[in-house]
Structure formats: C-alpha cells, structure tokens
Amino acid sequence: MDKITKLTKITNVNYGLKNLLMGYTKTQQLEIADSLNSSVPKSWKKSKVAKELAEIIEEQAQTVYQEILEDVIGRFPSQEQSIYVVKSLESIVGLNPLIEKGFIFVQYVNESYMLIIPEEILKAAGMHDELVSEEAKSVQSDFHAAEIIHKWKENLLAIYGTVSAKHLHAVWNRHYAEQLSIDEIKELLSN
C-alpha cells in the first residue's frame, strides 16, 4: 500500500474544503487535479486552483465517489464528527486513495495526526443530514446548548489548546435553527 504523503498545513480551525486545499502547495493541488482527471491551468494562482478543485471534488463526491464515500465514512466509529485523531499514519493508510484525491485530509498536530473529513464531503455522502438531524433532535427535545458547547470546547482544547468563541458561534449558527449570539456563547463557555 502507498505511503501517505499529502499532509495539509492549515493555521486556523476552518475545515471547509477550500481552506483545507489551501493547506497544500500548488504542486500538490495540481497533483490532486490530475488524480481526478481534471485539468487546471498551471498559470492560475493557488487560491483559484483551490476554489476550482473544491468544486470538482464536491461534484465528484456527489456522483462518481458517492457510494465509496458513504461506505468509508459509514465505517468510522461515529458519523457525528468530522475530525478523528490517530497516532500513526499506518492506521489510515487504506484511506490514501481518498486523501490523494482531496476527499479526506490529514494534518500533523501535537505529535498526532488529525484525519479531517470536510463538511462538504459529509454532505455529499449523505452523512451531513444525519449529523444535523441527530443534533437538532437533541436541541429540540431540551435545549442542551451548554452541553454541546462544552463538548466542542473540550475537543478544541484537546486539539489546539485554545477556544475561539467566534468560531463556536459560526459553527453553532450554521448547524442549528436556534441561533446564539457571541455573548451567549461566551456565557455558556464561562459556566
């Protein structure tokens, strides 16, 4: 089996497909385009290549690779998260073809590897709706915002050692109908 060679280098906690692609060098981006049988002009700037690649990857995730992604993502311990921490690359080497094509990303953080499945890929594989509806049911039954925010806080602290109320605000309001302000998020974090 091939060795995993593509490690993304992102500096923030935005796990959107385009941002993860920006963590690659332009050469790596062009390699991904080739692996997807897509031609991207080499003269384009890195950000334009990332934007185009994100569209291509998302389209292929919804069509050609949808069944494969559903099967692979369905085998993860929990479809309720898009980030998994692994100690060695050997444990995920079987995912290398999907990593090489830009469907799954790996980042080295604090002597561990983070396996990242972008939200766009989860959605294309039909997992995003399950994730949102499961958490939405939890919120609707008895507004557990504090519990969820604290869980996210613990995960961010474990991975990055810091928590951004602004980031939690954006993530919460993207996934829940019950919108929270940054002040409400800060209050929940302090409790």
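**Exercise 1.** In which order do the elements of the protein run from the N terminus on?

Solution. The model is a predicted one, in which local features need pLDDT of at least 70 and side-chain atom pairs count only at pLDDT 80 or more, whereas totals for chains, interfaces and linings use all residues. Residues are numbered from 1 along each chain as its sequence is written, and side-chain values use heavy atoms, with hydrogens and water left out. Helices (H or I, at least four residues) and strands (E, at least two) are DSSP runs numbered from the N terminus. The order is α-α-α-α-β-α-β-β-α-α-α-α-α, which comprises 10 helices and 3 strands.

**Exercise 2.** Determine whether Leu115 is buried or exposed.

Solution. Buried means under 20% relative accessible area, exposed over 50%, and partly exposed in between (1.4 Å probe, protein chains only). Leu115, a residue of strand E3 (residues 112–116), has 1% relative accessibility and therefore counts as buried. Its C-alpha atom is separated by 5.6 Å from that of Ile83, 32 residues apart along the chain.

**Exercise 3.** Which backbone oxygen does the side chain of Gln60 reach?

Solution. Gln60 belongs to helix H3 (residues 46–62). Its relative accessible area is 15%, so Gln60 is buried. The side chain of Gln60 reaches the backbone oxygen of Leu36 at 3.2 Å.

**Exercise 4.** Classify the accessibility of Glu184.

Solution. Glu184 lies in helix H10 (residues 182–190). Because its relative accessible area is 38%, Glu184 is partly exposed.

Key
A polar contact is a pair of N or O atoms within 3.5 Å; within protein, one must be able to donate a hydrogen and the other to accept it, and residues adjacent in sequence count only if both atoms are side-chain atoms.
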